[in-house]
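Trainee: I have a model open and would like to go through it with you. Could we begin with how the helices and strands are arranged?
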Amino acid sequence: MKAVATDKAPKAAGPYSQAVVHDGLVYVSGQIPVDPATGSVPEGMAAQAEQALKNLSAVLEATGSGTGRALKVTVFISDMSQFAAVNEVYARFFAEPYPARTCVESPHLPKGVMIEIDAIGIVG
């Protein structure tokens, strides 16, 4: 197992890795919409989804993977009524064949953000 980190996504805020690679797969920890350069969080679900997906993409790329090699994505959103806004942004980051996906409403996400996204992908 190998831990992977990049400064193009927020640093881990606790005792975990941004991602780990094992047996040709990458497991990316949940990415929240914190801009790694400024530490700021954008306003609104669409903008937060965009930043969280940029962070997720950066971690995937740091492992030699990418959104096109994602197998499974889990999306946690604070309000399921915002699902359409998330889907619109999500569709700009992933192409067919889309990864499997789960979306769960979770009103209590880290730092009070509206969205957190993790993924499992293929490396190499």
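Trainee: Which strands does H1 lie across?
Mentor: Please keep in mind that this is a predicted model. Helix H1 lies across S1, S2, S3, S4 and S6, and runs at about 30° to S6.
Trainee: What is the order of the strands in the sheet?
Mentor: The order is S1-S2-S3-S6-S4-S5, in an open sheet of six strands with mixed pairing. S1 and S5 stand at the edges with a single partner strand each, so one side of each has no neighbour in the sheet. From one strand to the next, the twist averages 15°.
Trainee: Are S1 and S2 paired in the parallel or the antiparallel sense?
Mentor: S1 and S2 (residues 19-22) pair in the antiparallel sense, over three bridges. Within this pair, Ala 3 stands opposite Val 20 in S2.
Trainee: And S4 with S5, parallel or antiparallel?
Mentor: That pairing is parallel: S4 (residues 70-77) and S5 (residues 100-105) are joined over six bridges. The chain passes from S4 through H2 to S5 in a right-handed β-α-β crossover. Ile 77 stands opposite Glu 105 in S5.
Trainee: Changing topic, how many salt bridges are there?
Mentor: The count comes to one salt bridge. Arg 92 forms it with Glu 50, and the closest N and O atoms are 2.3 Å apart. Arg 92 lies in helix H2 and Glu 50 in helix H1, so the pair ties together parts that are 42 residues apart in sequence.
Trainee: Is Arg 92 buried or exposed?
Mentor: Arg 92 counts as exposed, at 54% relative accessibility. Glu 50 counts as partly exposed, at 23%.

Terms used: Residues are numbered from 1 along each chain as its sequence is written. This is a predicted model: local features need pLDDT of at least 70, side-chain atom pairs count only at pLDDT 80 or more; totals for chains, interfaces and linings use all residues. Side-chain values use heavy atoms; hydrogens and water are left out. A salt bridge is a side-chain nitrogen of Lys or Arg within 4 Å of a carboxyl oxygen of Asp or Glu. Helices (H or I, at least four residues) and strands (E, at least two) are DSSP runs, numbered from the N terminus. Buried means under 20% relative accessible area, exposed over 50%, partly exposed in between (1.4 Å probe, protein chains only). Two strands pair if DSSP finds at least two bridges between them. A crossover is right-handed if, with the strands pointing away from the viewer, the path from the first strand over the helix to the second runs clockwise. Axes are lines fitted to C-alpha atoms, for helices over the stretch in contact, and angles run from 0 to 180 degrees between N-to-C directions. Contact means heavy atoms within 4.5 Å.
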